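Hi everyone, thanks for coming.

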Amino acid sequence: DEIQSYIELNNSFLDYYIMFEGEEIFSDIVEMCLWAKNPAKLPNGCAGFINGEFHYEPVAFNKKPKQIDLPSPYLTGYLDFFLKDSNIIPLFETNRGCPFGCVYCTWGIAALSRVRQRPLEVIFDELEYVARKSAKQLNWIFCDANFGMFERDIEIAKKVREIMDKKGYPYNVTLWQSKNSSKINIEVANVIGNKKGYIAIQSADPKVLKNAGRGNIKFDHLRNQIDYYKKNNLEVATDVLIGLPGESKKSHLKTLLTAFDLGFGSILAYNIRMLKGSKYDNNEYRKQYDLRTKYRPIFGAYGVYDGQKVFEIEESIRATRDIKEEELESFKILH
């Protein structure tokens with residue numbers, strides 16, 4: 001009753017809320033609306049009200065098949081309008097889910113930790129379709145949390161390389177490499193031939209990495225990939241985060257020095273954004289690490305729409321039990 005009252009009071013404009021994957025559930029809701037059905041039961045994974053009562057049943061993701069058998073939005077032709085816009089970057093997804101439970105991220109939360117794959121033949125068809133129908137965009141993005149986790153990713157990279165050689169585009173492919181598959185990652189990078197690499201270390205402190213849910217990521221695998229880029233005279237960038245659980249001023253400074261020693265050509269330092277649904281955002285972690293946060297506008301996420309000034313804000317870490325706000329602020333000079 002308390003939850004229902006809160007939702008009714010604070011979200012009176014909201015009819016349905018779809019948790020996690022939305023394709024099938026959204027399709028069911030659209031069908032329900034088109035046929036003006038008065039639902040007796042909402043699809044699993046969708047929260048909402050029926051006759052004034054709140055209903056929600058979670059989806060059993062662990063029982064879903066490992067192969068994602070959903071229609072391709074590209075191959076239906078529905079996205080042709082967007083593909084022809086040179087300002088829009090084509091996005092691809094080959095797998096879904098993440099086995100790494102980083103506390104500040106929502107990619108690897110319990111409901112989405114099982115990795116599932118899209119059929120290889122569908123991926124190939126999509127790549128060919130986009131190459132044929134697009135505005136010859138120079139950049140493509142793979143949205144997988146871990147590209148390079150599977151041997152088949154080398155075959156996908158070869159398909160991309162084939163298109164690059166035949167069409168002259170894309171010029172660059174952005175992807176987030178798997179954390180513990182250095183051999184495959186190196187092969188993928190070699191096949192695609194990107195002009196620079198990206199490997200996020202976030203921290204160099206083993207204790208901090210364990211606290212942050214990255215303790216099962218092997219640093220040696222990251223070193224192997226860094227060495228590959230350096231031997232091939234390619235620039236490689238990294239991300240580091242400030243405000244991680246257990247990260248102090250001293251350990252963060254050590255992380256920055258380690259990033260320099262490893263030979264990264266670009267070190268991108270970020271404050272942690274508190275993502276809804278992440279472990280770091282819940283009350284348990286906030287209390288455990290004495291997290292202090294503040295809100296600020298998101299850079300670039302603002303504009304005037306229909307005469308209204310619209311902007312987005314984020315909640316970010318400003319202090320923890322291990323680092324004071326003035327210590328965190330002092331890194332602005334180095335960052």
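Let's start where two helices meet. Leu-120, Ile-123, Phe-124, Leu-127, Glu-128 and Ala-131 in H4 touch Arg-152, Glu-155, Ile-156, Lys-159, Val-160, Glu-162, Ile-163, Lys-166 and Lys-167 in H5, where contact means heavy atoms within 4.5 Å. Sorted by class, that contact has eight nonpolar, no polar and seven charged residues. For the classes, Ala, Val, Leu, Ile, Met, Phe, Trp, Tyr, Cys and Pro count as nonpolar, Asp, Glu, Lys and Arg as charged, and the others, Gly among them, as polar.

Quick background: this is a predicted model, so local features need pLDDT of at least 70 and side-chain atom pairs need 80 or more, while totals for chains, interfaces and linings use all residues. Residues are numbered from 1 along each chain as its sequence is written, and side-chain values use heavy atoms, leaving out hydrogens and water. pLDDT is the predictor's confidence in each residue, from 0 to 100. The chain's mean is 89, with 96% of residues at 70 or more. Helices (H or I, at least four residues) and strands (E, at least two) are DSSP runs, numbered from the N terminus.

Back to our pair. How do the axes of H4 and H5 cross? They come within 11 Å and cross at roughly 20°; axes are lines fitted to C-alpha atoms, for helices over the stretch in contact, and angles run from 0 to 180 degrees between N-to-C directions. The two helices are therefore roughly parallel, a label for angles under 35 degrees, with over 145 being roughly antiparallel, 65 to 115 roughly perpendicular and the rest oblique.

Now find Val-122, which sits in H4. Leaving aside residues up to four places away in sequence, Val-122 touches Ser-72 and Leu-75.

On to the sheets. One is open, with parallel strands ordered S4-S7-S8; strands pair if DSSP finds at least two bridges between them. S4 and S7 are joined by two bridges, and Phe-92 stands opposite Phe-142 in S7. H4 shows up again here: H4 packs on this sheet, touching S4 and S7.

The other open sheet runs S1-S2-S3, and its pairing is antiparallel. S1 and S3 stand at the edges with a single partner strand each, so one side of each has no neighbour in the sheet.
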